[in-house]
Amino acid sequence: MERAQGGESSKADALAGSDTMTVPQTMKAWVLGDPEELILTEKPVPTPAKAEALVRIDAVAICATDLEIIKYGTPALIEGGPPFNKNFTPGHEYMGTIAALGPGVDEFEIGDRVTVEIHAGCGQCKRCRMGMYTSCHNYGLNYGAMDKGHRANGFTTDGGFAEYAVNNINTMIRVPDEMTDEEATLVVTAGTSMYGITELGGLVAGESVVVIGPGPIGLLAVAVAKALGASPVILIGTRKNRNDIGTALGADVTINPKEEDAVERVMALTGKGADYVVDCAGNETTVNQAVQMTNRGGRICLAAFPKEPVNFNLGAIAVNNIYLYGIRGEGRSATHRAMAFMAEKRFDAGLIHTHTFAMDDLPTALRYARDRVDDAIKVVVSNKLDAKT
Ligand SMILES: [Zn+2]
Ligand SMILES: [Zn+2]
């Protein structure tokens, strides 16, 4: 085996299959200062511990939750409190190349391309033991001396807007050679959609599925539902360009609620209402639409996090024996199931990727994502590009 020479991390591309990769002592990393303030700084490269690996970050997708964390702090939780001015690096939808292994790790090799899911549960609480590690009871109790083994990179531990990150081996999924870095960053988003649909029961073949809200999770929920054989798959959204992407991802019908009554149309298309509704918008209008368009005995998945309490027709849920599911993140290894579909090209998640910027241009990339500049959907930052601005 050849030994890596020099300290250039970009040379590591040539090292796949090697047993070593030169890792520098320090790295560039963005850290959160005050709300809305990101600072590019130097940090020590972290060292992987037992059951962990060091990932050289190649690309990171920006998520609406990153924008929330940078502005409001929540749902990030650092040392039991808000993440501001704590040298915290956000970013959670990343992929890269394994650069070093913790003691005893033989599940991966240096040079493996991996994409990550966010939550490494503590592995010992009741929910982790059930596979519901995104609902770990020890969420956030792992910084400093409070080591409960739980990580949620970009939420409770350092994330991906940097050159390296440490990941628990349970959070890493191998990336096929032919999959691009950008597409690989979308696996965790597809995993969230997969988690929602599989928590609803998963056996959606021949059943009707309505997805409300064509954001990244909603669009990939359309793709996953279609790949699982749902029929019809109906997408509800107010933006034509996004509904068109939904059609390309497998929606049989798209409904623009600005142009027609979404509930009436779903009832007309399904007869007695939809078997499954996945609400990826999470506002009062859409939650009530979901309740009204679900058939008796049907199931609703709430995949969005409304900021305010929502009024909805609880009685209709009980009278119609409707089941209501909340989902958090991408539990029960759903990300692996999503990767299986993407590796087999059952759908092209890349359709939701719209822009790539250099990591050094992160503020520009965040602006594109936040303001939906140039119809941005998924904006990716890459460590393989040079800054433009
Ligand atoms: Zn996310
Ligand atoms: Zn746990």
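Predicted model: local features only at pLDDT ≥ 70, side-chain atom pairs only at ≥ 80, totals over all residues.
**View 1. The whole protein chain.** The protein chain holds eleven helices and 17 strands. Its C-alpha atoms fill a box of roughly 65 × 40 × 40 Å along the principal axes. For 389 residues, a compact globule would have a radius of gyration near 21 Å, and the chain agrees with this at 21 Å. Buried residues account for 50% of the 389 residues. Of the contacts between residues at least 6 apart in sequence, 67% join residues at least 24 apart.

**View 2. Helix α4, residues 187-199.** Helix α4 has 13 residues. From its first C-alpha to its last it reaches 18 Å, close to the 18 Å expected at 1.5 Å a residue. The helix is mostly covered, with twelve of its 13 residues buried.

**View 3. The contact between α4 and α10.** Two packed helices are described by the angle between their axes and the distance between the axes. Here the axes of α4 and helix α10 (residues 334-343) come within 7 Å and cross at roughly 110 degrees. An angle of 65 to 115 degrees counts as roughly perpendicular, and α4 and α10 are therefore roughly perpendicular to each other. The crossing of α4 past α10 is right-handed. On the α4 side, the contact is made by Val 187, Val 188, Ala 190, Gly 191, Met 194, Tyr 195 and Thr 198. On the α10 side, the residues are Ala 334, Thr 335, Arg 337, Ala 338, Met 339 and Met 342.

**View 4. The chain after α4.** Just after α4, Gly 201 takes a positive phi of about 135 degrees. Gly 202 lies in the loop between α4 and β10 (209-212). A residue is buried if 20 or more other C-beta atoms lie within 10 Å of its own, and exposed if 12 or fewer do. Gly 202 has 13 such atoms within 10 Å, so Gly 202 is partly exposed. The C-alpha atoms of Gly 202 and Leu 228 are separated by 7.8 Å, although the two residues are 26 apart along the chain.

Conventions
Residues numbered from 1 in each chain as written. Chains lettered and ligands numbered in written order. Helix = DSSP H or I, 4+ residues; strand = E, 2+ residues; numbered from the N terminus. Rg over C-alpha atoms; globule rule 2.2 N^0.38 Å. Contact = placed C-beta atoms within 7 Å. Expected span 1.5 Å × (residues − 1). Axes fitted to C-alpha atoms, helices over the stretch in contact; angles between N-to-C directions. Parallel < 35°, antiparallel > 145°, perpendicular 65-115°, else oblique. Left-handed = near helix turned anticlockwise from the far one by under 90°.
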